[in-house]
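Have the sequence and the structure open as you read.

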Amino acid sequence: MNNLITDTFHLNVRSHILNTSESYVLCENEAKDAKEVVMVEDDELPKSSRKRKHSDVWDHFEEVEVLSKKKKGETERKVKCKACSKLYMYPKTGTTTTMKRHLDGCFAHHGEENIKKGHGTLNFDAADACGIDLPVVNFSGGYDHAKIRELIATMIIVHEYPFRMVEHFWFNVLMKTLNPSYQKTSRTTIKNECLQIFKSRKETLKKELKHVGKISLTCDLWTSNQTLCYMSLVAHYIDSEWNMQYRVISFLELEPPHTGIVISQAIFECLSDWKIEDKIATITLDNASSNDVAACQLMSKFKAKGSVFFHEPLIENIRQTVKYLKKSPSRLYKFTEIVKSLNMSTKRGLCLDVPTRWGSTYKMLERAFSFKNTFLHYADLDANYKWEPSSQEWRLYAKIRDILAVLSMATTVFSGSTYPTANEFFLLIVNVKKVLNDASVSTDKFLHDMGNAMLQKFEKYWKECSTLLSIASILDPRYKMDLINFCFPKIYVASDIEHNIDSVSSTLKELYEHYESEHTANLVAAEKKVDNQAVASENGTSSNSLMAISTQFRTFMKTTAKKVSKSDLVAYLDEAALNHSEDFDVLLWWKQNSSRYPILSKVAKDILTVPVSTVSSESSFSTGGRVLDNYRSSLLPNTVEALVCSASWIRGSQKKKKANKVSS
């Protein structure tokens, strides 16, 4: 381990350095002594002190006059270490043993020596990085306290540390030990540094978004423990290297009442501030009624997603049962013994859900369903157990297991830590529609009623986004039109199949023609600019008229060639679909084939980034529910926004660097 530290950090730490707390106290005492030091010029010293000093140790020490502690009003001569300011009695005999011994253990001296030798860069070993692409920090120019302060502020932002940590005693001990030149920083100073990072990175992100085609948004509301409401707005886009990116662009306090008009106005003001109003493709919100009004106000194509109907008593009974058993080892042991007596496996035990995460609730129910007979036997042995699900509840659950399994699969993909591209959504949502269609025509009254209730809410979502998700699946070269032709007969009645397929095809064609007209206009404008520059450079010559005719002919040939050639869209659809592969990267494929399909690739870049859930907004914090923690709730709203947004930008920029490094 010592060798690893030495090799990694290039620090020559001697084993006999004073322990940490003593070092810190020593530095404080030295600082006090330094106030009493009186610097003197060489010609003011006695002649005996101006003798030639042959030892190299004098390169690291200087002679000073300090106020005498024994004789008031008088001074005495001492030597001071240039690195750490440690004072020693001046060697009247000329011996330098004491000074050499000091240099051997002087941490500040060895730090300067390492910098002079080119060891100013801290190169972290890949094994220590735990898969994180760590930034390289260069101090070749010497210790830079401003840079250190910026790094500490970045650490506080990303890891959500409180500002006051910079005033903690042992934090300062650590920093002072690493470098005696470190200067203590106050919580106010570090807060201002965090706000400065927010402002700087916001300007950088604004410049990046200028070069993005279309942006999709997700929006969600959060509540602090002081009942203040915050709105999170996340921008999704694909960058120039075809990497999926998302950034929190706003996290602001929303004044009551939280109506659709208030929400839409807040979103619009945010977009105006970022100057991206003309780049918005879609906005995805949750299923609150106020968001329907907000969506209409913003003229969005997307409205709220449907919610899930479920039999709540069963969920609560199972949740309380799991809590009851897990609280007592003896009860859990008794339950396990019953499982074994019934010749059942104990490998997959009971698990407790997170109420705000539907996927975990389904997992809890499914595990419990396999132990339904065990609950019956356990209830006979424990008189205090009173949450046994009824046989009626188990029968209801058995009827809807298939529906819940499909919903759980879709939820898992939508809520994944690696947010999927839009082409992955179509098949999942088609499966949801199919199971709801089947339930709505069931002869079982419970399934029939539940299916109709869920389908009514689902159709509200499907009506708005089915065409867009269908186009996204077509832009997956593994599917193209094949998946549409396969799925539509399973979810539509026979009379509607052809109409819906034609509707998707015509919409895709119109969308392509819109991008094609923009592409042609940009080409003509660029060519005109180049030709104008060429004509200007030849101004006054006899070849102007000939150049004008040549320019017009080239423009004519380009536009004519574009009209008669096969379009990107037709060429793409005419080619056979790729073989199916689970690890296929659709963005990488379009990046590699953008030169073959220059127009259609622009369509793909804007369509594939569209989100279908607000999970990215919810991920502004941890997965424990949309509630601000105590620390953030105690801060001013503008400070909260600066911390949340900056953390998103810093993490995003690091992931982007890592992705570009891998692709290159």
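The side chains of Asn423 and Asp476 are joined by a polar contact of 2.8 Å, and the side chain of Asn423 also makes one with the side chain of Thr421, at 2.4 Å. (A polar contact is a pair of N or O atoms within 3.5 Å; within protein, one must be able to donate a hydrogen and the other to accept it, and residues adjacent in sequence count only if both atoms are side-chain atoms.)

| Side-chain pair | Polar contact |
|---|---|
| Asn423 and Asp476 | 2.8 Å |
| Asn423 and Thr421 | 2.4 Å |

This is a predicted model: local features need pLDDT of at least 70, side-chain atom pairs count only at pLDDT 80 or more, and totals for chains, interfaces and linings use all residues. Residues are numbered from 1 along each chain as its sequence is written, and side-chain values use heavy atoms, with hydrogens and water left out.

Asn423 sits in the loop between α14 (391–414) and α15 (425–440); helices here are DSSP runs of H or I, at least four residues, numbered from the N terminus. Is Asn423 buried or exposed? Asn423 is buried, at 2% relative accessible area (buried means under 20%, with a 1.4 Å probe and protein chains only). Leaving out residues up to four places away in sequence, Asn423 touches Ala472, Ser473, Asp476, Arg478, Tyr479, Val586 and Leu608, where contact means heavy atoms within 4.5 Å.

Now the helix pair. α14 packs with α16 (residues 445–474) at an angle of about 30°, their axes 10 Å apart. Axes are lines fitted to C-alpha atoms over the stretch in contact, and angles run from 0 to 180 degrees between N-to-C directions. α14 and α16 are therefore roughly parallel to each other (angles under 35 degrees). On the α14 side, the contact is made by Leu396, Lys399, Ile400, Ile403 and Leu407, and on the α16 side by Phe446, Leu447, Met450 and Met454.

Methods. Helices (H or I, at least four residues) and strands (E, at least two) are DSSP runs, numbered from the N terminus. Buried means under 20% relative accessible area, exposed over 50%, partly exposed in between (1.4 Å probe, protein chains only). Angles under 35 degrees count as roughly parallel, over 145 as roughly antiparallel, 65 to 115 as roughly perpendicular and the rest as oblique.
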